[in-house]
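User: I want to go through the labels used for this fold. Please set each value against its definition.

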Amino acid sequence: MSATTDERILHTSPLRRLLGRPELGSVVGAIAVFVFFAFAADSFLRASSLSTVLYASSTIGIMAVPVALLMIGGEFDLSAGVLVTSSALISSMFSYQMTANVWVGVGVSLLVTLAIGAFNGFMLTRTKLPSFIITLGTFLMLTGMNLGFTKLIDSTVSTKTIADMEGFSTAHDVFASTLTLGGVDFKITILWWFGLVAVASWILLRTRMGNWIFAVGGNKDAARAVGVPVDKTKIGLYMGVAFGAWISGQHLLFSYDVVQSGEGVGNELIYIIAAVIGGCLITGGYGSAIGSAVGAFIFGMTSKGIVFAEWNPDWFKFFLGAMLLLATLLNAWVRKRAEATK
């Protein structure tokens with residue numbers, strides 16, 4: 001073979017391709033967790049139990065997908081958790097105060113939530129401050145606004161019920177309904193989750209935008225030098241997180257028809273943990289949407305597996321932290337093995 005042969009047309013072994021997948025470590029971890037709870041909890045393998053696990057996974061996974069894309073792009077969003085609550089509050093209070101069809105509130109919530117995401121991206125690209133600082137500021141502002149506006153408008157920390165308003169039943173069907181397959185109930189959030197994973201994977205692997213995301217996360221200066229629209233890409237990624245927050249917020253609202261203004265604080269760390277367990281690097285430029293889904297699935301199995309095994313749930317955070325460390329170490333080992341086989 002000629003020494004000048006283009007390396008892009010060289011044969012790549014299946015093992016090398018497998019080791020190069022960012023979600024490999026999380027898949028191995030997910031199999032281990034599944035087998036562990038299959039033996040530790042007698043009820044874990046029941047269809048109804050697996051449905052519960054998938055639902056718990058989907059409520060995290062819907063947000064973990066866009067958060068993973070943002071992390072691949074090299075940034076964080078510490079406001080993601082409270083933004084979910086903000087989205088639900090906007091829908092509920094606008095519909096109730098304006099006595100409008102709840103779909104009007106849903107639409108207004110989408111526009112405002114996307115605007116908040118665009119604000120995060122705009123501030124990041126204009127100020128050049130770290131995303132940690134920008135989104136921490138947004139987190140604090142949203143936390144205060146959620147509580148302040150709710151008490152100002154409704155004179156309490158929760159919204160008024162909108163269950164009897166026009167459009168509630170159809171919105172509930174879209175965001176919070178239950179589907180029955182083979183006698184087993186599944187929440188519609190599972191379909192939202194799978195759909196987001198599919199779309200995000202297509203964007204990352206099949207579109208120019210996906211190339212931009214990896215390039216921006218790997219080296220934004222080099223990406224800008226070759227014509228990648230770095231600022232627009234980052235703003236778009238933050239708006240993607242906002243879209244996920246909108247979906248999650250509507251599910252929260254139409255599942256319970258009222259919203260507590262203090263919810264969501266701390267959930268942003270869970271979304272980031274799911275993405276990291278799924279193979280995303282803190283430094284950016286590496287990861288996958290499928291990996292984030294596997295990370296969310298591990299979270300769901302652990303949170304519900306502890307309950308099925310009848311253990312003290314106080315230990316959940318310990319297991320979550322241990323999984324984060326083990327997954328990070330495993331992902332680092334997989335990357336080193338992949339680089340060694342090149």
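Analyst: In H3, Ser49, Thr52, Val53, Leu54, Ala56, Ser57, Ile60, Gly61, Ala64, Val65, Ala68 and Leu69 meet Ala289, Ser292, Ala296, Phe297, Phe299, Gly300, Met301, Ser303, Lys304 and Phe308 of H13. Contact means heavy atoms within 4.5 Å. By class, 14 of the residues are nonpolar, seven polar and one charged. Ala, Val, Leu, Ile, Met, Phe, Trp, Tyr, Cys and Pro count as nonpolar, Asp, Glu, Lys and Arg as charged, and the others, Gly among them, as polar. The model is predicted: local features need pLDDT of at least 70, side-chain atom pairs pLDDT 80 or more, while totals for chains, interfaces and linings use all residues. Numbering starts from 1 along each chain as its sequence is written, and side-chain values use heavy atoms, without hydrogens and water.

User: What describes the packing of H3 and H13?

Analyst: An angle of about 145 degrees, with the axes 7 Å apart. Axes are lines fitted to C-alpha atoms over the stretch in contact, and angles run from 0 to 180 degrees between N-to-C directions. H3 covers residues 47-72 and H13 residues 289-308.

User: How much of the protein chain counts as buried?

Analyst: 46% of the 342 residues. Buried means under 20% relative accessible area (1.4 Å probe, protein chains only).

Key:
Helix = DSSP H or I, 4+ residues; strand = E, 2+ residues; numbered from the N terminus. Buried < 20%, exposed > 50% of the residue type's maximum accessible area, 1.4 Å probe, protein only.
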